[in-house]
Amino acid sequence: MSDRLAVNRPLAHDSAAKHVAGEAVYIDDMPEPSRCLEVYVAWADRAHARLLKLDLDAVRRASGVVAVVTTDDIPGHTDISPVGRHDEPVFAAETVQFWGQALFAVAACDVHTARRAAGLAVIAYEDLEPRLDVDAARAAEDYVWPPAHFVRGDTEAGLARATRRLDGRVTMGGQDHFYLEGHVALAIPGEDGDMTVFSSTQHPSEVQHMVAHVLGIPSNSVTVEVRRMGGGFGGKETQSNLFACVAALVARKTSRPAKCRLDRDDDMIMTGKRHDFTVDYKLGFDDDGRIEAVDMHFASRCGYSADLSGPINDRALFHADNCYFYPDVSLLCHPCRTNMASATAFRGFGGPQGMVAAERVIEEIAIACGLDPLEVRKRNFYGDGERAITPYHMTIEDNVIERVVAEVEKDSDYWTKRDAVRRFNAENRWQKKGLALTPVKFGISFTMTAYNQAGALVHIYKDGSVHLNHGGTEMGQGLFVKVAQVVAEELQLPLERIKITATTTAKVPNTSATAASSGSDLNGMAAQAAARTLRDRLTAFAAEQHQAEPSEVYWLPGRIAVKGNEIAFADLVHDAYMARIPLSATGFYKTPEIHWDRAAGRGKPFYYFAYGAACSEVTIDTLTGEYRVDRVDIVHDVGRSLNPAIDAGQIEGGFIQGMGWLTTEELVWDEQGRLRTHAPSTYKIPTCADRPEIFNLRLLENENPKATIHRSKAVGEPPLMLAISVWQALSDAVAATADHQHPARLDPPATPEKVLMAIGRLAEIEATKEAAE
């Protein structure tokens with residue numbers, strides 16, 4: 001147990017009791033203001049078409065309709081691109097670019113009336129050929145963002161002199177965020193043209209900017225607030241903008257409050273997903289499985305607009321090495337434009353896709369050399385000197401992956417288990433087991449350097465209670481309680497004395513998105529800075545009052561001690577107020593050391609790395625392709641954890657979400673560009689029954705060598721990639737059907753159908769081989 005008062009302790013989430021009791025208030029739970037309208041956003045049922053006619057007269061005349069909003073009703077800018085590319089209109093005007101693109105909005109007293117009225121619109125299209133795959137986009141050289149290229153050494157020469165060569169392709173699917181709370185925004189007009197928006201968003205400052213942009217008013221006329229989201233996972237980093245802007249446009253046009261709330265089908269159809277990627281790779285390696293050269297060409301399906309595809313594709317390249325040193329390396333990525341909803345941020349932000357490519361490389365080398373994949377992994381880990389330099393020329397300074405993997409190897413009893421798996425597979429024809437131990441190295445920081453900043457505001461009231469506000473948002477991940485713990489520790493107060501308040505642009509301006517696993521790092525440091533300012537003021541005041549030096553003032557739980565006197569915190573605060581000592585402070589933090597030159601492909605984009613490893617054991621049915629996850633052992637590096645209970649929850653949840661992406665969650669579009677898996681009836685997220693039968697988790701005993709908040713490490717995104725071990729274990733089980741003579745080439749998501757097809761493919765290879773002999 002920690003000797004700290006508030007940090008490094010496994011405290012409950014601040015809203016945990018309210019979550020399970022159904023008392024946590026989300027935007028749709030808020031009492032609606034008087035005369036509030038509900039808004040339905042009508043969308044296009046074409047993936048690519050010219051919009052020839054949009055006749056809304058019948059919609060306007062429909063019973064119960066109060067207002068219809070189109071592009072013509074936008075007083076400001078009509079574009080809401082988060083990266084300034086001017087490629088993301090609020091409503092389609094002349095050309096429809098994906099199935100589900102917003103065309104207009106209808107406001108009525110209830111959303112059902114608005115939806116029925118929207119169906120009366122008369123729309124005429126001229127159909128155009130939709131572009132739906134990356135190969136077509138690459139052939140047309142149609143990209144939403146300039147390609148990125150990281151190079152170190154001479155890849156062509158490295159491949160030419162390599163002892164062995166291997167080429168291949170891996171394709172991985174996307175993923176829907178499937179947050180429990182869908183997109184929702186409530187806009188309330190005020191006097192002087194002001195607008196208050198309650199938005200389920202990870203980026204309140206961006207929603208503020210976009211609403212102001214669309215309404216044609218300055219940002220100081222818009223206030224955005226969010227107390228909590230019912231999940232975000234990246235899907236509410238930019239995708240919230242449209243629905244907040246539509247609600248605000250209706251509120252402005254009608255001078256009435258307006259709420260825009262999506263149902264599950266519309267949410268899945270209209271919003272972006274995790275990027276799916278195709279990776280073509282060329283490998284050079286020796287007989288011992290040591291990598292000599294790597295050439296990878298990534299192509300992602302980005303949808304119709306840039307959104308965040310540029311940095312997401314960059315981060316895929318940043319993590320295409322995972323934990324492995326590539327002596328000669330070329331990593332190229334093309335962000336391809338397709339006629340789909342714009343792919344967007346998702347937990348890991350491209351990193352998982354890069355790691356999948358890295359682990360496919362290891363798997364293929366292991367099969368080719370007849371080695372255990374764990375041995376190949378260990379032989380290629382980053383090391384010291386030249387072997388510590390990444391493809392983007394950053395030197396790794398905090399490498400603990402060998403230690404992490406060694407601990408998982410021991411916890412899981414890997415080699416004993418490997419022998420048991422071999423025996424089981426030799427004795428069973430219709431069932432096969434698979435085993436895999438995979439590592440994770442994930443870079444922490446926004447690669448856009450300017451986003452690595454945060455602000456906080458702390459008030460101390462005369463009774464000694466504390467009010468905390470900062471720019472981070474709470475989506476269930478426990479950020480708010482962690483930051484409150486930091487303030488409580490600084491002021492030596494019990495956690496219940498710290499009032500956690502909703503994130504609002506009216507208190508802390510110009511905030512960054514709560515993303516990139518940086519919420520605690522940035523906002524915790526900013527809040528600590530504010531609390532430390534107040535503590536220093538109170539320390540100086542107490543020293544003056546008692547004719548002492550500040551160094552003679554000691555902070556104890558709930559009180560201070562100075563020259564033999566103990567003074568309760570509340571009394572100290574009251575006396576300070578009477579002496580006119582300011583009891584409010586702001587705090588600011590910016591991440592040091594980082595820099596990145598995208599054009600040169602060089603820099604230090606990350607302040608540090610988070611590490612982890614997982615060992616997964618699976619069993620497959622070779623007749624049906626069905627499988628179960630028998631056991632998982634995880635060791636994960638969170639530095640000196642601010643809150644071990646919260647961190648454990650993030651690791652477990654991240655693992656299961658990653659497992660869903662790599663196994664059951666399959667997105668299917670038809671040839672017309674229409675998403676066919678837009679409800680839980682057809683899109684399968686993991687259930688309780690899918691969790692590993694044995695699920696062991698241990699936090700690495702470690703301390704961040706970088707000066708992060710209380711030497712902790714980020715935990716939001718890295719655990720998702722631990723689930724790559726499940727996918728690799730499934731590949732191992734499939735390969736066992738042919739005695740590991742051929743690579744499984746099981747592309748994620750590894751649905752039972754894909755497992756069965758992979759088994760069939762290996763059977764055909766074996767049959768052809770036997771026929772030739």
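Predicted model: local features only at pLDDT ≥ 70, side-chain atom pairs only at ≥ 80, totals over all residues.

Residues are numbered from 1 along each chain as its sequence is written, and side-chain values use heavy atoms, with hydrogens and water left out.

**Stop 1: the eight-stranded sheet**

Start with the open sheet whose strands come in the order E3-E5-E1-E12-E9-E10-E11-E20, with mixed pairing. Helices (H or I, at least four residues) and strands (E, at least two) are DSSP runs, numbered from the N terminus; two strands pair if DSSP finds at least two bridges between them. Strand E3 (65-69) and E20 are the edges: each has a single partner strand, so one side of each is left without a neighbour in the sheet. Zoom in on the E20 end, where two bridges join it to E11 and the two strands run antiparallel. Pick Val 226 and you'll find its bridge partner in E20, Thr 503.

Select 111-118 for helix H3, which lies across strand E1 (37-43), E3, strand E5 (102-108) and strand E12 (258-261), at about 30 degrees to E1. Then show H7, which lies across E1, E3, E5, strand E9 (184-189), E10 and E12, at about 30 degrees to E9. For these angles, axes are lines fitted to C-alpha atoms, for helices over the stretch in contact, and angles run from 0 to 180 degrees between N-to-C directions. Contact itself means heavy atoms within 4.5 Å.

**Stop 2: helix H6**

Select residues 204-215. How many of the twelve residues of H6 are buried? Ten are, and the helix is mostly covered; buried means under 20% relative accessible area, exposed over 50%, partly exposed in between (1.4 Å probe, protein chains only). Among the buried ones are Pro 204, Glu 206, Gln 208 and Met 210. The buried residues pack against strand E10 (195-199), strand E11 (222-226), helix H7 (240-254) and strand E20 (503-504).

**Stop 3: strand E15 and its partners**

Go to 328-336. Eight of the nine residues of strand E15 are buried. Strand E7 (residues 148-152) joins E15 through five bridges, running antiparallel, and Ala 148 stands opposite Cys 333. Strand E14 (residues 291-301) is linked to E15 by nine bridges, in parallel; here Ala 293 has Asp 328 as its bridge partner.

**Stop 4: the four-stranded sheet**

Next, show the open sheet in the order E19-E18-E17-E24, again with mixed pairing. Its edge strands are strand E19 (498-500) and strand E24 (584-590), each pairing on one side only. The twist averages 25 degrees from one strand to the next. Strand E18 (residues 466-470) is joined to E19 by three bridges and runs parallel to it, with His 467 partnered by Lys 499. Helix H15 (residues 519-545) packs on the sheet, touching strand E17 (453-460), E18 and E24, and its direction makes about 140 degrees with that of E24.

**Stop 5: a helix pair**

Select 644-662 and 724-736. Helices H17 and H18 pack at an angle of about 40 degrees, with their axes 8 Å apart. That makes H17 oblique to H18, given that angles under 35 degrees count as roughly parallel, over 145 as roughly antiparallel, 65 to 115 as roughly perpendicular and the rest as oblique. Show side chains for Phe 655, Met 659 and Leu 662 in H17, which meet Ile 724, Ser 725, Val 726 and Trp 727 in H18.

**Stop 6: Asp 167**

Finish on Asp 167, in strand E8 (residues 164-172). Buried or partly exposed? At 43% relative accessibility, Asp 167 counts as partly exposed. Leaving out residues up to four places away in sequence, Asp 167 touches Tyr 281, Lys 282, Leu 283 and Arg 745.
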